[in-house]
Amino acid sequence: MTFDQNTSAGYLINQLARLAFEGLRKEIEPLGIVPGQFPALLALWQRDGQTQRELVAKTDVEQATMANTLNRMERDGLIVRQAHPEDGRARVIYLTEKAKTIRDQAYRAAGDVNGAMLADLSEAERQTFVDLLQRVVKTFRGADLA
């Protein structure tokens with residue numbers, strides 16, 4: 001059996017993810033954030049004041065990875081943690097002013113990376129590509145391999 005990475009969806013998706021990650025890193029580094037923080041920031045920019053468990057569920061990031069990410073974000077002054085009003089074991093994560101003020105610049109940076117990534121596609125192709133990616137992600141989440 002032969003394997004051709006040029007026709008392997010997994011290989012190509014991994015290659016694209018690495019390129020997108022590096023492009024995003026370059027764009028958001030001046031804002032004082034890194035790509036690993038981006039999923040948590042996106043979730044908190046959509047709804048501030050979530051628990052770590054909620055962030056893990058929304059971002060598909062492993063619990064231990066999220067804990068490390070939040071520790072770094074707290075150290076960097078992007079979030080604060082407060083006691084949960086109803087659950088003494090949980091903490092609620094809130095954005096600081098620093099994190100709130102970079103939101104629009106971070107969105108713009110992500111948009112620029114997406115624009116560069118999809119520059120060779122027509123608007124219809126872009127929409128089809130994103131639609132297909134969403135379907136594949138949804139299907140793979142439900143598969144036993146994920």
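**Exercises on a predicted chain**

Read along the sequence, the elements of this chain occur in the order α-α-β-α-α-β-β-α-α-α. The model is a predicted one.

**Exercise 1.** Determine how many helices and how many strands the chain has.

*Solution.* Step 1: write down the pattern, α-α-β-α-α-β-β-α-α-α.

**Exercise 2.** Describe the extent of the chain and the share of its residues that is buried.

*Solution.* Step 1: along the principal axes, the C-alpha trace spans about 55 × 35 × 25 Å. Step 2: apply the cut-off for a buried residue, under 20% relative accessible area. Step 3: by this criterion, 28% of the 146 residues are buried.

**Exercise 3.** State how many positive and negative side chains the chain has, and how far apart the centres of the two sets lie.

*Solution.* Step 1: count the charged side chains, 19 positive and 20 negative. Step 2: compare the centres of the two sets, which are 5 Å apart.

**Exercise 4.** Identify which helix supplies the largest share of the lining of the largest pocket.

*Solution.* Step 1: the pocket in question has a volume of about 1200 Å³, and 26 residues line it. Step 2: list the helices that each supply at least two lining residues, namely α1 (9–28), α2 (38–46), α6 (103–117) and α7 (123–142). Step 3: among these, α7 provides the largest share, with eight residues. Step 4: locate the residues nearest the centre of the pocket, which are I13, A17, A20, L133 and V137.

Notes. Residues numbered from 1 in each chain as written. Predicted model: local features only at pLDDT ≥ 70, side-chain atom pairs only at ≥ 80, totals over all residues. Heavy atoms only, no water. Helix = DSSP H or I, 4+ residues; strand = E, 2+ residues; numbered from the N terminus. Buried < 20%, exposed > 50% of the residue type's maximum accessible area, 1.4 Å probe, protein only. Lys, Arg positive; Asp, Glu negative; His and termini not counted. Charge placed at Lys NZ, Arg CZ, Asp CG, Glu CD. 1 Å grid on protein atoms, 1.4 Å probe; cavity = no way out; pocket = protein on both sides within 12 Å on 5 of 7 lines; lining within 4 Å. Points joined across faces, edges and corners; volume = space filled by probe spheres on them.
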